Amino acid sequence: MDILFKSKWMEKCIRRALEKPEGTISKEEISKIKYAKTGGDFSGSIIFELSTSIPPEPFVAFDGGDEWAVCLHSSTTLGEKYKLGDYIKTNHGFYIHHRNIDEWEYAYSGEASKAWNTFEKNIVKNNAYEDYTKEENLSLCSSLIATEDLALLSGLSVLRLYEMEIESVEWFNFFKELKVLELAETHIKKDADNAEAFSRLKQVTIWWD
(Lines give C-alpha, C1' and ligand atoms only; values in the text may rest on other atoms or scores of the structure.)
Protein backbone atom coordinates (compact mmCIF):
# COMPACT_ATOMS: atom_id res chain seq x y z
CA MET A 1 0.00 0.00 0.00
CA ASP A 2 1.39 3.39 -1.03
CA ILE A 3 1.91 6.06 1.63
CA LEU A 4 0.00 9.34 1.60
CA PHE A 5 1.42 12.27 3.57
CA LYS A 6 -0.51 14.98 5.35
CA SER A 7 2.37 17.47 5.29
CA LYS A 8 3.80 18.23 1.84
CA TRP A 9 6.89 19.74 3.46
CA MET A 10 7.56 16.57 5.45
CA GLU A 11 7.03 14.49 2.31
CA LYS A 12 9.62 16.66 0.54
CA CYS A 13 12.11 16.08 3.37
CA ILE A 14 11.48 12.32 3.43
CA ARG A 15 11.97 12.12 -0.33
CA ARG A 16 15.32 13.87 0.05
CA ALA A 17 16.44 11.33 2.65
CA LEU A 18 15.30 8.42 0.48
CA GLU A 19 16.72 10.03 -2.67
CA LYS A 20 13.37 9.55 -4.37
CA PRO A 21 12.08 12.91 -5.69
CA GLU A 22 9.13 11.38 -7.53
CA GLY A 23 6.88 8.35 -7.53
CA THR A 24 5.05 6.51 -4.78
CA ILE A 25 6.74 5.63 -1.50
CA SER A 26 6.10 2.22 0.01
CA LYS A 27 6.15 1.16 3.66
CA GLU A 28 9.29 -0.84 2.96
CA GLU A 29 11.06 2.23 1.60
CA ILE A 30 10.08 4.55 4.43
CA SER A 31 11.10 1.93 7.02
CA LYS A 32 14.69 2.46 5.82
CA ILE A 33 14.78 5.76 7.74
CA LYS A 34 16.48 4.98 11.07
CA TYR A 35 17.01 8.44 12.59
CA ALA A 36 14.81 11.52 12.89
CA LYS A 37 15.10 14.83 14.70
CA THR A 38 12.28 17.33 14.28
CA GLY A 39 10.38 20.24 15.79
CA GLY A 40 11.46 23.76 16.68
CA ASP A 41 15.09 24.84 16.87
CA PHE A 42 14.47 27.41 19.65
CA SER A 43 14.93 30.29 17.19
CA GLY A 44 11.66 30.23 15.27
CA SER A 45 12.60 27.70 12.61
CA ILE A 46 11.22 24.22 12.02
CA ILE A 47 13.78 21.45 11.50
CA PHE A 48 13.52 17.94 10.13
CA GLU A 49 16.65 15.79 10.08
CA LEU A 50 16.63 12.25 8.70
CA SER A 51 19.06 9.45 8.02
CA THR A 52 18.88 5.96 6.60
CA SER A 53 22.17 5.08 8.32
CA ILE A 54 22.14 3.05 11.54
CA PRO A 55 22.77 5.39 14.53
CA PRO A 56 25.74 4.46 16.76
CA GLU A 57 25.20 2.63 20.05
CA PRO A 58 25.29 3.88 22.69
CA PHE A 59 23.83 7.02 21.12
CA VAL A 60 25.52 10.30 22.07
CA ALA A 61 24.77 13.45 20.05
CA PHE A 62 27.18 16.38 19.82
CA ASP A 63 24.92 18.88 18.06
CA GLY A 64 23.84 20.62 21.25
CA GLY A 65 25.30 21.18 24.69
CA ASP A 66 26.54 18.54 27.11
CA GLU A 67 23.09 17.04 27.70
CA TRP A 68 24.01 13.59 26.52
CA ALA A 69 26.64 13.31 29.24
CA VAL A 70 23.79 12.77 31.71
CA CYS A 71 21.92 10.37 29.44
CA LEU A 72 21.55 6.76 30.46
CA HIS A 73 23.25 4.27 28.15
CA SER A 74 21.74 0.89 28.87
CA SER A 75 23.11 -2.37 27.50
CA THR A 76 19.64 -3.87 27.81
CA THR A 77 16.19 -2.29 27.88
CA LEU A 78 15.24 0.02 30.72
CA GLY A 79 12.54 -2.36 31.86
CA GLU A 80 15.01 -5.24 32.16
CA LYS A 81 17.77 -3.32 33.91
CA TYR A 82 16.01 -0.91 36.26
CA LYS A 83 13.02 -0.59 38.54
CA LEU A 84 11.30 2.17 36.65
CA GLY A 85 9.61 3.58 39.72
CA ASP A 86 13.01 4.33 41.26
CA TYR A 87 14.67 5.83 38.19
CA ILE A 88 11.97 7.59 36.19
CA LYS A 89 10.51 10.84 37.51
CA THR A 90 7.34 12.12 35.87
CA ASN A 91 7.13 15.77 34.91
CA HIS A 92 5.28 16.04 31.60
CA GLY A 93 7.68 13.35 30.44
CA PHE A 94 10.55 11.25 31.74
CA TYR A 95 14.02 12.12 32.93
CA ILE A 96 16.44 9.29 33.57
CA HIS A 97 19.56 10.44 35.37
CA HIS A 98 22.95 9.01 34.62
CA ARG A 99 24.02 6.25 37.03
CA ASN A 100 27.21 4.78 35.59
CA ILE A 101 30.54 6.65 35.70
CA ASP A 102 32.03 4.53 32.90
CA GLU A 103 29.18 5.53 30.61
CA TRP A 104 29.60 9.17 31.66
CA GLU A 105 33.24 9.00 30.62
CA TYR A 106 32.25 7.52 27.25
CA ALA A 107 29.95 10.48 26.56
CA TYR A 108 32.98 12.80 26.71
CA SER A 109 35.37 10.43 24.95
CA GLY A 110 36.97 10.82 21.56
CA GLU A 111 35.35 7.53 20.60
CA ALA A 112 31.86 8.94 21.14
CA SER A 113 32.73 12.16 19.31
CA LYS A 114 34.15 10.26 16.36
CA ALA A 115 31.07 8.02 16.18
CA TRP A 116 28.76 11.05 16.11
CA ASN A 117 30.83 12.96 13.54
CA THR A 118 30.83 9.95 11.23
CA PHE A 119 27.08 9.45 11.62
CA GLU A 120 26.25 13.15 11.24
CA LYS A 121 27.71 13.16 7.72
CA ASN A 122 24.85 10.88 6.69
CA ILE A 123 22.07 13.11 8.09
CA VAL A 124 19.89 14.98 5.60
CA LYS A 125 19.06 18.35 7.21
CA ASN A 126 15.98 20.42 6.34
CA ASN A 127 14.97 23.85 7.62
CA ALA A 128 11.50 25.29 7.05
CA TYR A 129 12.58 28.88 7.68
CA GLU A 130 14.87 28.70 4.66
CA ASP A 131 12.21 26.96 2.56
CA TYR A 132 9.50 29.51 3.29
CA THR A 133 11.35 32.81 3.65
CA LYS A 134 11.26 33.44 -0.09
CA GLU A 135 7.52 32.86 -0.10
CA GLU A 136 7.08 35.23 2.84
CA ASN A 137 4.79 32.69 4.43
CA LEU A 138 6.53 31.85 7.69
CA SER A 139 3.20 31.30 9.44
CA LEU A 140 3.08 27.87 7.81
CA CYS A 141 6.05 26.71 9.88
CA SER A 142 3.94 26.19 12.99
CA SER A 143 1.84 23.56 11.22
CA LEU A 144 4.41 21.80 9.08
CA ILE A 145 5.11 18.88 11.42
CA ALA A 146 2.33 16.28 11.25
CA THR A 147 2.54 13.61 13.95
CA GLU A 148 0.58 11.33 11.61
CA ASP A 149 3.44 11.53 9.12
CA LEU A 150 6.06 10.98 11.81
CA ALA A 151 4.23 7.82 12.87
CA LEU A 152 4.82 6.44 9.37
CA LEU A 153 8.56 6.22 10.15
CA SER A 154 8.12 2.78 11.68
CA GLY A 155 11.76 1.76 11.29
CA LEU A 156 13.21 4.51 13.49
CA SER A 157 15.93 3.56 15.94
CA VAL A 158 16.45 7.12 17.27
CA LEU A 159 13.72 9.78 17.57
CA ARG A 160 14.47 13.30 18.83
CA LEU A 161 11.55 15.72 19.32
CA TYR A 162 12.04 19.45 20.01
CA GLU A 163 9.41 21.99 21.07
CA MET A 164 6.51 19.70 20.25
CA GLU A 165 3.26 18.58 21.82
CA ILE A 166 2.25 14.91 21.71
CA GLU A 167 -1.29 13.80 22.53
CA SER A 168 -0.41 10.60 24.41
CA VAL A 169 2.42 8.20 25.19
CA GLU A 170 0.46 5.64 23.18
CA TRP A 171 1.62 7.49 20.05
CA PHE A 172 5.11 6.10 20.57
CA ASN A 173 3.83 2.57 20.02
CA PHE A 174 4.02 3.21 16.27
CA PHE A 175 7.81 2.94 16.51
CA LYS A 176 8.34 -0.77 17.10
CA GLU A 177 12.11 -0.65 16.52
CA LEU A 178 12.78 2.49 18.58
CA LYS A 179 15.74 2.31 20.96
CA VAL A 180 16.47 5.96 21.81
CA LEU A 181 13.98 8.75 22.55
CA GLU A 182 14.86 12.39 23.24
CA LEU A 183 12.25 14.95 24.30
CA ALA A 184 13.43 18.57 24.42
CA GLU A 185 10.80 21.05 25.60
CA THR A 186 8.23 18.51 24.40
CA HIS A 187 4.97 17.96 26.27
CA ILE A 188 2.78 14.89 26.45
CA LYS A 189 -0.87 15.84 26.97
CA LYS A 190 -2.21 12.52 28.23
CA ASP A 191 -0.87 9.55 30.19
CA ALA A 192 2.30 11.38 31.12
CA ASP A 193 2.63 9.13 34.18
CA ASN A 194 2.70 5.93 32.11
CA ALA A 195 6.44 5.28 32.40
CA GLU A 196 6.01 1.66 31.43
CA ALA A 197 5.33 2.76 27.85
CA PHE A 198 9.04 3.53 27.50
CA SER A 199 10.36 0.51 29.39
CA ARG A 200 11.31 -1.30 26.16
CA LEU A 201 13.73 1.48 25.14
CA LYS A 202 17.46 1.62 25.84
CA GLN A 203 17.73 5.39 26.29
CA VAL A 204 15.14 8.00 27.26
CA THR A 205 16.15 11.61 27.88
CA ILE A 206 14.26 14.80 28.52
CA TRP A 207 15.66 18.32 28.67
CA TRP A 208 13.97 21.36 30.21
CA ASP A 209 15.58 24.80 30.03
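## The Lys37 and Asp63 pair

Lys37 and Asp63 form a salt bridge whose closest N and O atoms lie 2.9 Å apart, a salt bridge being defined as a side-chain nitrogen of Lys or Arg within 4 Å of a carboxyl oxygen of Asp or Glu. The two residues belong to distant parts of the chain, 26 residues apart, with Lys37 in strand β1 and Asp63 in the loop between β2 (46-51) and α3 (78-81); helices (H or I, at least four residues) and strands (E, at least two) are DSSP runs, numbered from the N terminus. Lys37 has a relative accessible area of 7% and is therefore buried, whereas Asp63, at 28% relative accessibility, counts as partly exposed. In these terms, buried means under 20% relative accessible area, exposed means over 50%, and partly exposed lies in between (1.4 Å probe, protein chains only).

## Basis of the model

The model is predicted, so that local features need pLDDT of at least 70 and side-chain atom pairs count only at pLDDT 80 or more, while totals for chains, interfaces and linings use all residues. Residues are numbered from 1 along each chain as its sequence is written, and side-chain values use heavy atoms, with hydrogens and water left out.

## The network around Arg160

Through salt bridges that share partners, Lys37, Asp63, Arg160 and Glu182 are joined into one network. Arg160 is placed in strand β6 (residues 158-162) and, at 1% relative accessibility, counts as buried.

## Other salt bridges

The structure holds eleven salt bridges, among them one between the side chains of Glu177 and Lys34, at 3.6 Å from N to O. This pair links distant parts of the chain, 143 residues apart, since Glu177 lies in the loop between β7 (165-168) and β8 (180-184) and Lys34 in the loop between α2 (27-30) and β1 (35-40). Glu177 is partly exposed at 45% relative accessibility, whereas Lys34, with a relative accessible area of 16%, is buried.

The side chains of Lys20 and Glu29 likewise meet in a salt bridge, at 2.9 Å from N to O. Lys20 counts as partly exposed at 22% relative accessibility, and Glu29 is partly exposed with a relative accessible area of 21%.
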